[in-house]
Amino acid sequence: MNSVIEFVGAGIVVPAAVSVATMWLSRQLLSAETSSRYSAAAAFAAAYGVGYLLLPSWAELVPKRHWHWTPYLALAAAVTGPISAANGLHLVERWLLYLMTAFVSAWLLVPTWASLQPPRSVCVPLLTGYLFLLAAMLEPLLSRLPAAAISAQLTISSACTAILVAGFISVTYAQTAGIVAAALTGCLLAASFSSGTTTARGLSLAYSVTVGGWAFIGCIEPQRPAFGLLLAPVAPLSLWWCVSGPVSRLHRRAAATVQTVMVLIHLAIAAGLMATTSLNP
Amino acid sequence: MRFSLGWMIVGSLLVSACSNQAGSAPATSSKPATGSSGGAGGGGPIGSTPTGAASPLESSDVDASPVPIELGVAKLTPENTKIEFVGTHTGNKPDPRTGGFAKFSGAAEVDSDGKTLKSVSVEIETGSLWTQMQPLTAHLNAPDFFDTREYPAAKFESTQIAADGDAGQVTITGNLTLLAATKEVSFPANVSISGEGLTLKAKFSIDRAEFGMDKLVERVEKTVSLTVVIGEKTQPQQGPGGLGSARGGPGSAPGAATGDGKK
């Protein structure tokens with residue numbers, strides 16, 4: 001029982017609280033424009049960092065394994081992501097920033113195992129492309145949808161990714177990946193109780209690097225890669241169906257319902273794929 | 001502030017095939033105290049089992065075929081040797097799960113008069129582990145237990161083999177390397193050397209947490225029972241599978257323990 005309390009406290013409540021506090025602080029200290037870009041990403045990175053710090057000693061602060069880099073990559077993405085969201089930046093410049101961050105992340109997250117399949121020379125560019133596309137396609141959504149709405153979907157997707165990792169790969173990995181969901185929960189709470197000035201702009205790169213990164217880490221852990229995991233982080237991209245056409249004209253509550261259903265369907269497909277793969281090795 | 005545990009509730013709901021009724025397992029930890037000088041008795045006399053764990057076999061039930069000795073050395077392979085483990089859950093329902101390794105290589109050296117065992121060494125390809133259930137096999141390969149991606153090999157090298165008094169009874173002391181830790185273990189064994197060859201039967205327990213395999217200790221016992229029989233072929237009850245399929249499958253040719261998979 002004590003361990004459950006510890007887990008809920010240090011693994012969920014504390015990161016979420018740090019996320020909320022950081023978002024509030026950033027709104028107080030930064031200008032409106034800067035805060036609109038940095039608050040969500042900064043809150044996310046701070047929350048993930050604190051949550052990681054509270055993990056047992058096997059989550060080393062000096063990276064010795066590929067997944068030990070995730071909190072530092074989240075921090076880097078929390079800087080480059082908001083920069084790329086600045087007004088006046090050309091699209092190519094924005095994408096170059098994404099590409100650089102994605103490449104560095106891929107370089108650090110792809111392990112050097114001799115038995116890695118596909119080999120590292122293939123995994124690095126593939127992961128770079130995956131992280132880049134995820135961030136590039138997600139960022140415009142952050143501006144088009146209300147912060148609370150998009151934060152909710154990001155939280156659901158990251159939580160599902162962690163659950164799939166727990167169920168099919170490793171509880172150890174899931175314990176760390178779950179902190180990401182807790183950090184996004186804090187962003188969601190802050191967005192839900194704000195006066196409407198909160199945005200999730202600048203968050204896409206941090207989300208891509210961490211949630212996408214953890215999906216990749218879980219994917220390549222087994223001898224036969226679990227590619228179904230890579231579907232979970234991209235679930236929020238199904239919200240593109242909701243920003244135009246008849247769905248975009250729905251009332252707020254109905255729109256939220258449709259958005260959630262679309263994301264859940266996507267996640268169910270990912271979970272089904274994982275289950276099928278595990279039953280038929 | 002660092003804390004232990006996490007995701008037990010969520011993980012246990014989903015890892016039902018792996019760590020709930022489907023069992024869990026091995027982990028190794030030397031029950032004979034690490035660093036102890038021989039005679040600590042391993043898990044006790046041959047045939048002893050960890051508390052609450054059902055043994056898959058007793059040494060007296062095994063009919064071992066002697067492994068030929070050539071130039072004083074008996075080569076150990078999955079064709080003539082088996083290495084198995086049994087892990088259990090904590091609580092009132094231990095649900096013991098049996099597993100083993102399908103790829104390993106080693107050697108047992110006898111002295112010049114061909115009557116006493118001089119040394120035993122074996123290197124195991126951890127990714128070749130098998131259990132009765134594919135999801136369990138996949139989970140044991142994961143960082144929660146053997147972390148076979150990072151630690152593709154486990155080793156045992158004897159440092160001392162001392163007669164126990166009774167004919168054929170010895171205490172083997174040596175260094176067991178698992179994950180990133182090397183600990184000294186001691187265990188009793190029944191050795192028989194004849195003109196036909198060598199047989200050895202040993203059963204003992206270790207504490208997996210001593211080797212750094214300390215995850216999920218609230219659900220899976222730290223004590224793991226190991227059985228080694230030289231003279232009996234490895235026969236996996238189910239091939240390695242799930243998402244963590246071994247590279248060569250069970251019963252593959254030996255000698256790959258130091259090759260494929262090394263970083």
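These entries go through the ground rules, then chain A, then chain B.

**Ground rules.** I am working with a predicted model, where local features need pLDDT of at least 70, side-chain atom pairs count only at pLDDT 80 or more, and totals for chains, interfaces and linings use all residues. Residues are numbered from 1 along each chain as its sequence is written, while chains are lettered from A and ligands numbered from 1 in the order in which they are written.

**Core.** I looked up the largest nonpolar core, and it has 155 residues. A core here is a set of buried Ala, Val, Leu, Ile, Met, Phe, Trp, Tyr and Cys residues joined through C-beta atoms within 7 Å. Buried means 20 or more other C-beta atoms within 10 Å of the residue's own, exposed means 12 or fewer, and partly exposed is in between, with C-beta atoms placed from the backbone. Among the residues with the most contacts inside this core are Phe44(A), Leu164(A) and Cys187(A). Helix α6 (residues 147–168) of chain A gives the largest share, 15 residues. Helices (H or I, at least four residues) and strands (E, at least two) are DSSP runs, numbered from the N terminus.

**Cys187(A).** What does Cys187(A) touch, not counting residues up to four places away in sequence? I found Ser19(A), Met23(A), Ala40(A), Ala43(A), Phe44(A), Ser151(A) and Ala200(A). Contact means C-beta atoms, placed from the backbone, within 7 Å.

**Helix α7(A).** I checked the length of α7 (residues 171–192) of chain A: at 1.5 Å a residue its 22 residues should span 32 Å, and the end C-alpha atoms are 30 Å apart, which agrees. The expected span is 1.5 Å times one less than the number of residues. Of the 22 residues in α7(A), 20 are buried.

**Sheet in chain B.** I traced an open sheet of 11 strands in the order β1-β4-β5-β7-β8-β9-β10-β11-β2-β3-β6, with antiparallel pairing. Its edge strands are β1 (73–76) and β6 (129–131), each pairing on one side only. Pairing takes at least two DSSP bridges between two strands.

**Strand pairs.** Seven bridges join β4(B) (residues 104–110) to β5(B) (residues 117–125), and Ser105(B) has Glu123(B) as its bridge partner. In the hairpin of these two strands, with six residues between them, Gly114(B) takes a positive phi near 70 degrees. β5(B) also pairs with β7(B) (residues 153–163) over five bridges, where Val122(B) stands opposite Phe156(B). I counted eight bridges between β10(B) (residues 198–207) and β11(B) (residues 223–230), with Ser205(B) opposite Ser225(B).

Terms used: Contact = placed C-beta atoms within 7 Å.
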